Amino acid sequence: MSNIVVPRRSLMLGGAAVALMPALTFAATPDLGQPAPLFTAIDSNGKTWSLADLKGKVVVIETTNHDCPYVRKHYSAQNMQTQQREAAAKGVVWLTLASSATGEEGYVTASQANELTRSRNAAPAAVLLDPQSKIARAYGATVTPHMYIIDTTGTLVYKGGIDSIASAGIADIAKAKQYVRVGLDEVLAGNPICDSSTRPYGCSLKYPRTST
């Protein structure tokens, strides 16, 4: 299945660079229908999570940056939290991935991540700390939020945006097709995801800076 082609452009919103297409090039990004990249990570409570151990479960990965207006849109509207709880009720493991590099916008310590979870009434299974952006890079994540769904066999079956309207406006949530919510229902029903590769939108993911 071919990826969606997105015009080369970016926006500035609230001082944050907003990417409407992948802004980084990776040597290899995971393909749909192929095994999702394995990882092991520590969460904000000190627990170790391994994707290999989650085989048999449907898994959602959500990249995050609490300072990003696009992330704030979905949390301020309680959209992200609602979908996290819906997923958990269906046995889905929802992992929020904090991949901003140390010292970059969106970087959080374990205690800061827990305070954000508490203050936003969020409900992921865990907040994984990825300050070296290793997991984000393995998945080819370019923005926050960038969303992925992995099925019970460990196969990557969705990558893209949380919904179909690339804006920071809360009012647009109700008008948008909820790609992740619909995709989860399709996977849990044993069906292929109709919109399996969509345009991710949000703030550019803050990878570690490279020396020149």
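1. Y148 stands opposite K159 in β10. Four bridges join β9 to β10, and the two strands run antiparallel. Strands count as paired if DSSP finds at least two bridges between them. Helices (H or I, at least four residues) and strands (E, at least two) are DSSP runs, numbered from the N terminus.

2. **Basis of the values.** This is a predicted model: local features need pLDDT of at least 70, side-chain atom pairs count only at pLDDT 80 or more, and totals for chains, interfaces and linings use all residues. Residues are numbered from 1 along each chain as its sequence is written, and side-chain values use heavy atoms, with hydrogens and water left out.

3. **The other partner of β9.** β5 and β9 also pair, in the antiparallel sense, over four bridges. V60 has I149 as its bridge partner in β9. Which way do the β9 side chains point? M147 and I149 point one way, Y148 and I150 the other way. All are buried. Buried means under 20% relative accessible area, exposed over 50%, partly exposed in between (1.4 Å probe, protein chains only).

4. **Helix α5.** This helix spans residues 179-188, and its buried residues are Y179, V180, G183, L184, E186 and V187. Seen down the axis of α5, they fall within an arc of 160°, so they line one face of the helix. The arc is taken over the directions from the helix axis to the C-beta atoms. An α-helix has 3.6 residues a turn, so residues three or four places apart point the same way. Which elements cover the buried residues of α5? They include β5 (59-64), α2 (79-89), β6 (93-98), β9 (147-150) and β10 (156-160). Contact here means heavy atoms within 4.5 Å. G190 follows α5 and has a positive phi, near 80°.

5. **Disulfide.** A search of the whole structure finds one. The criterion is a pair of cysteine sulfur atoms within 2.5 Å. C68 and C203 meet it, their sulfur atoms 2.2 Å apart. The pair links distant parts of the chain: C68 is in the loop between β5 and α1 (69-76), C203 is in strand β11 (residues 202-204), and they are 135 residues apart. The torsion about the S-S bond of C68 and C203 is about 90°, so the disulfide is right-handed. Both C68 and C203 are buried. C194, by contrast, counts as exposed, at 59% relative accessibility.

6. **Salt bridges.** The count comes to seven. The rule asks for a side-chain nitrogen of Lys or Arg within 4 Å of a carboxyl oxygen of Asp or Glu. One of them joins D185 to K90, with the closest N and O atoms 2.7 Å apart. D185 lies in helix α5 and K90 in the loop between α2 and β6, so this pair ties together parts that are 95 residues apart in sequence. Both ends are partly exposed: D185 at 37% relative accessibility, K90 at 42%.

7. **Further salt bridges.** E105 pairs with K206, the closest N and O atoms being 3.6 Å apart. E105 lies in the loop between β6 and α3 (110-119) and K206 in the segment after β11, so parts 101 residues apart in sequence are tied together. E105 is partly exposed at 29%, while K206 is buried at 17%. K175 and D172 form another bridge, at 3.4 Å between the closest N and O atoms. K175 is exposed at 60%, but D172 is buried at 18%.

8. **Aromatic pairs.** How many aromatic pairs does the structure hold? The number is three. Rings of Phe, Tyr and Trp (its six-membered ring) pair if their centres lie within 6.5 Å; planes under 30 degrees apart count as stacked, over 60 as edge-to-face and the rest as tilted. F39 and Y139 are edge-to-face, 6.2 Å centre to centre, with 70° between the planes. F39 is in the loop between β2 (16-19) and β3 (40-42), Y139 in the loop between α4 (134-138) and β8 (143-144), 100 residues apart. Both are buried. Y70 and Y201 are edge-to-face too, 5.5 Å centre to centre and 70° between the planes. Y70 lies in helix α1 and Y201 in the loop between α5 and β11, so the pair ties together parts that are 131 residues apart in sequence. Y70 is buried at 3%, and Y201 is buried at 2%.

9. **Back to Y148.** Ring pairs link F39, Y139 and Y148 into a cluster. Y148 is buried in β9.
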